[in-house]
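Please walk through this structure with me.

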Amino acid sequence: MPIKTILLHMANDDRHAARLEVAVGLARRFSAFVEVLYVATPVSMPAAVTGRAASYGYIAEATAIAHERAEQIEQEVRQALKDCSYSWSVVEGDHVELLAERAAYADLAIVTQSHGDSLDDRVMLHVPDRLPLETPCPTLVVPYDFAPQTAIGGHVVIAWKNTRESGRAVRNAMPFLQNAEKVTILTIEPPGHTLDSGHDLMIWLERHGVSSHHQANIHQGGDVGEVILTCARDMGADLLVMGAYGHSRLREMVLGGATRTVLGELNMPALMSH
């Protein structure tokens with residue numbers, strides 16, 4: 001399915017401008033409409049804020065400040081998207097729930113990675129990069145420190161495993177794959193494997209006009225998510241495509257897993273589907 005509607009998560013945070021620039025570039029590339037959803041409710045609060053009354057007071061104050069900044073950020077949006085079709089709305093509530101509700105009518109959602117290093121003294125209220133769990137459309141998770149002028153999708157690496165989540169991610173990534181200069185299928189294999197686990201996907205992609213090659217990595221132990229990110233970086237990729245939360249969400253959120261590692265240590269944009 002082509003990308004014709006992009007859902008952009010906006011908030012009163014220091015990475016909103018980077019998300020906006022990414023959305024502008026993709027809207028121009030795919031001739032897409034951008035639905036800008038500005039959520040005034042804060043994503044986090046200082047850990048020093050303790051007690052129910054203090055928490056409610058902080059959230060109310062932060063929400064009021066976000067509403068005050070809404071006009072300024074809307075002007076930024078208007079200027080950046082002046083050559084594109086877009087809409088702007090201001091809402092309050094749970095960021096993930098609000099985005100998921102609108103994502104039913106979008107072909108791509110854009111959020112920023114929740115970066116732990118910047119939140120040592122804060123309590124997370126909402127985690128927008130968990131959106132892939134809640135939405136039928138793919139989510140583009142932009143690294144927290146991403147330079148917005150960096151190209152996205154020149155070399156796409158598909159972290160492939162024959163699962164429903166991975167299959168959905170590849171299908172959702174087709175507009176990027178068909179525009180990419182290079183596509184690499186990355187598989188993480190056990191020692192002694194003999195099958196070409198990327199062969200059938202290469203054939204399927206070829207039938208859709210996408211040339212690719214397969215790189216198998218022998219897993220010698222360690223975190224699979226770290227292996228995926230290291231391989232993708234070493235290959236010079238600028239977009240990672242993968243299925244999100246192949247195990248139960250509780251297991252991956254609490255005990256860990258490839259998705260959790262990738263989201264925590266992301267070093268390039270990742271297109272995720274569940």
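**Cysteines, a helix pair and confidence**

The model contains zero disulfides, counting as a disulfide a pair of cysteine sulfur atoms within 2.5 Å. In general, a disulfide is a covalent bond between the sulfur atoms of two cysteines. Cys 137 is in no disulfide. Its nearest cysteine sulfur belongs to Cys 84, 18 Å away. Cys 137 is buried, at 4% relative accessible area. Cys 231 is buried too, at 9%. Buried means under 20% relative accessible area, exposed over 50%, and partly exposed in between (1.4 Å probe, protein chains only).

This is a predicted model: local features need pLDDT of at least 70, side-chain atom pairs count only at pLDDT 80 or more, and totals for chains, interfaces and linings use all residues. Residues are numbered from 1 along each chain as its sequence is written, and side-chain values use heavy atoms, leaving out hydrogens and water.

Now the helices, which are DSSP runs (H or I, at least four residues) numbered from the N terminus. Helix 7 spans residues 224-234 and helix 9 spans residues 258-265. Their axes, lines fitted to C-alpha atoms over the stretch in contact, come within 7 Å and cross at roughly 50°. Helix 7 contributes Val 224, Gly 225, Glu 226 and Leu 229 to the contact. Helix 9 contributes Ala 258, Thr 261, Val 262 and Glu 265. Contact means heavy atoms within 4.5 Å.

How far can the model be trusted? The mean pLDDT of the chain is 89, and 92% of its residues reach 70 or more. pLDDT is the predictor's confidence in each residue, from 0 to 100. Over residues 250-256 the pLDDT is below 50. Where pLDDT is low, the predicted coordinates should not be read in detail.

Methods. Axes are lines fitted to C-alpha atoms, for helices over the stretch in contact, and angles run from 0 to 180 degrees between N-to-C directions. Helices (H or I, at least four residues) and strands (E, at least two) are DSSP runs, numbered from the N terminus.
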